[in-house]
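Here is a set of questions and answers on one structure. Keep the sequence and the coordinates open while reading.

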Amino acid sequence: MSTDESLLRVQNVSKNFGGFAALTQVNINVARGERFGLIGPNGSGKTTLINCISGALRNDGGNIVFAGEEISGLPAYQRTRRGIARSFQIPRPFKSMTVLENLVVPLEFVAHRGTLHKGDTRAEAMHILEGMGLADKADTSSSQLSQVELRKMELARAMAARPQLLISDEAMAGLSGNEVTEVLDILFKLNATGITIIMIEHIMQAVMRFSQRVICLDAGEIICEGTPESIVQDPNVQKAYLGV
Amino acid sequence: MNERSWTFWVGAAAVLGLALLAAFTVKNEYFFFAAYVVLQFVVLATAWNILGGYAGYVNFGTSAFFGVGAYIAVMMIKAVNAPLGLQILAAAAVGGVMGVSCGLLTLRLRGIFFSIATVAVAIILETVINNWRFVGGATGVQILRPPVMEPFDSYTKMIFVVAALLAILAVATARYIQTSWIGRGLRAIRDNEEAAECAGVPTLKLKLLACAVSGALMGAIGAPLAMYQSFVEPASAFNLNYSVSALAMPIIGGTSHWIGPVIGAVLLGSVQQIVTVTITSELNVMVVGVLLVVFVVGAPDGIVGLFNKYWKRRRGAGGKP
């Protein structure tokens, strides 16, 4: 364990798909407990970066250090067990299971695997669902949820892995104003319990309200870093988004 | 042990008891001959379902594992004259190792690619056996049955009881997997592999485990074929019909529950036997085909799915479960 304050250090990370450079020499430091925003136009490499951090993709160059440990060689489930959880841009529920069972999977495979998968996972799953306002849907099949409920369930499932770092990949895409506030409140609440959060979002007002620090990616490179206020003023960011 | 486990084990003991009772009372040898085939399909369908049903990886190579089991038995008999128990154990071990090796080679391929790779394995193995003189090559090999063990009075009856034991073992294994954390992990893989991995499920390890268990059970039930027929030849041991039936039976019975493959195997296996005796054995394959189409179109969740739907509707109408 390092005494380093940053929980996640992404150092010179590159990722190529054939001849296309999706990420070029990306450097990010995320401190423990931080609320970190990641923005950028479509195709700028946000999700690729998240996939490299969570293990869905392997980075071609550079290092990813989490809690003082180099993790870029580890498979995704090992990273989840070390404390990195994520939600997906397009929700990926375990659709043959109920909402509660969806949470039991990470509880059994992460939190309770030391106890031979025999812990009281149902009570714990229920507790997490209550925190998300999904308790009344516990026994509903996850294939029958509405969009906002799916988003909440994705976050709940990520939380069931007891993460130190939660990566929320466009958890608010397609939601109405009230629903955005609802999800935002949940993320604030989780952060208050000490969980570091990386938020990827297109809804600017949500990123601006939530983040303490924001990074803007464009064409696989970081073009700007700073407070939400300074980011929107940055000419590079304006150019990337508006093309002016 | 909870109440459900008790019910299951009492049921399993009852099945074994019935099998033994039949072995000592029923005189007609054909009954055991036919029942053996049905039990063999219970094992194959149950084994297939562990990987195909729970994890959603469709294996078209059941005949490869089954055939290898039969030929391991042949080798054991020819080389060291091993008893049946030892043949089964060896076949299970080789089937398991084969499952893991096939898994390592092919499990990174998803969907249709995995299925095609498993067909290839079956064809390669059949070709190897076809050209291997020691085990009889393409013409096959005649096996002399050893004298029957006490208290049985015929070898067919004994082998029928062995098949019943293997069927109970297979179903108990499938049931354990389904109800435990392993089954939940496999279901997560079937629903969404990437999300499963991100939920902490070691997807490759679980798939390899499923391959190993599935392959071991298929190999184990292949072993008694040599003694059952007193003759083994590659074309029948590696017959594609085993692959098709092992896939059709769980789909017809229902893949989500351990009872599904059992229902499918008993139903389809019995119908096949009846058709063989009363009409012609050629019609067998058509029966499987027609039933498969009917179920895939009309009841994709199989008989178990139909039952669940009916149950839910009744409960929804106010009836108590």
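Q: What ipTM and pTM does the model score?
A: This is a predicted model. For chain B, the pLDDT averages 89. In that chain, 97% of the residues score at least 70. The scores asked for are ipTM 0.89 and pTM 0.90.

Q: What is the radius of gyration of chain A, and how does it compare with the globule rule?
A: Chain A has 9 helices and 10 strands. Its C-alpha atoms fill a box of roughly 50 × 40 × 35 Å along the principal axes. For 244 residues the globule rule gives 18 Å, and the chain is close to that, so it is as compact as a globular protein of that length. The radius of gyration of chain A is 18 Å.

Q: What share of the contacts in chain A, counted at a separation of 6 or more, comes from residues 24 or more positions apart?
A: Of the 244 residues of chain A, 47% count as buried. Among contacts with a separation of 6 or more, residues 24 or more positions apart account for 64%.

Q: Which strands stand at the edges of the open sheet of 4 strands in chain A?
A: The strand order is E2-E1-E4-E5, with antiparallel pairing. An edge strand here has a single partner strand, so one side of it is left without a neighbour in the sheet.

Q: Which residue of E2(A) is the bridge partner of A:Val10?
A: Strand E1 (residues 6-17) of chain A runs antiparallel to E2(A). The two strands are joined by 8 bridges. In E2(A), the partner of A:Val10 is A:Ile28.

Q: Which elements do the buried residues of H3(A) pack against?
A: Of its 13 residues, 12 are buried, so the helix is largely enclosed by the rest of the structure. Among the buried residues are A:Leu103, A:Pro106 and A:Phe109. They pack against H2, H4 and H5 of chain A, together with H7 of chain B.

Q: Which element gives the largest share of the side of chain B that touches chain A?
A: The contact takes 16 residues from chain B and 22 residues from chain A. On the side of chain B, two elements give two or more residues: helix H7 (181-191) and helix H8 (193-198). By class, that side has 7 nonpolar, 4 polar and 5 charged residues. The largest share, 6 residues, comes from H7(B).

Q: Which residues does B:Val171 touch, leaving out those up to four places away in sequence?
A: B:Val171 is found in helix H6 (residues 155-179) of chain B. There are 23 other C-beta atoms within 10 Å, and 20 or more make a residue buried, so B:Val171 is buried. It touches B:Thr46, B:Trp258 and B:Val262.

Q: Which residue follows H12(B), and what is its phi?
A: Helix H12 (residues 240-253) of chain B reaches 20 Å from its first C-alpha to its last, close to the 20 Å expected. In H12(B), 11 of the 14 residues are buried, so the helix is largely enclosed by the rest of the structure. Among the buried ones are B:Tyr242, B:Met249 and B:Gly253. The helix is followed by B:Gly254, with a positive phi near 120°.

Technical notes
Residues are numbered from 1 along each chain as its sequence is written. Chains are lettered from A and ligands numbered from 1 in the order in which they are written. This is a predicted model: local features need pLDDT of at least 70, side-chain atom pairs count only at pLDDT 80 or more; totals for chains, interfaces and linings use all residues. pLDDT is the predictor's confidence in each residue, from 0 to 100. Two residues are in contact if their C-beta atoms, placed from the backbone, lie within 7 Å. Ala, Val, Leu, Ile, Met, Phe, Trp, Tyr, Cys and Pro count as nonpolar, Asp, Glu, Lys and Arg as charged, and the others, Gly among them, as polar. Two strands pair if DSSP finds at least two bridges between them. The radius of gyration is taken over C-alpha atoms; the globule rule is 2.2 Å times the number of residues to the power 0.38. The expected span of a helix is 1.5 Å times one less than its number of residues.
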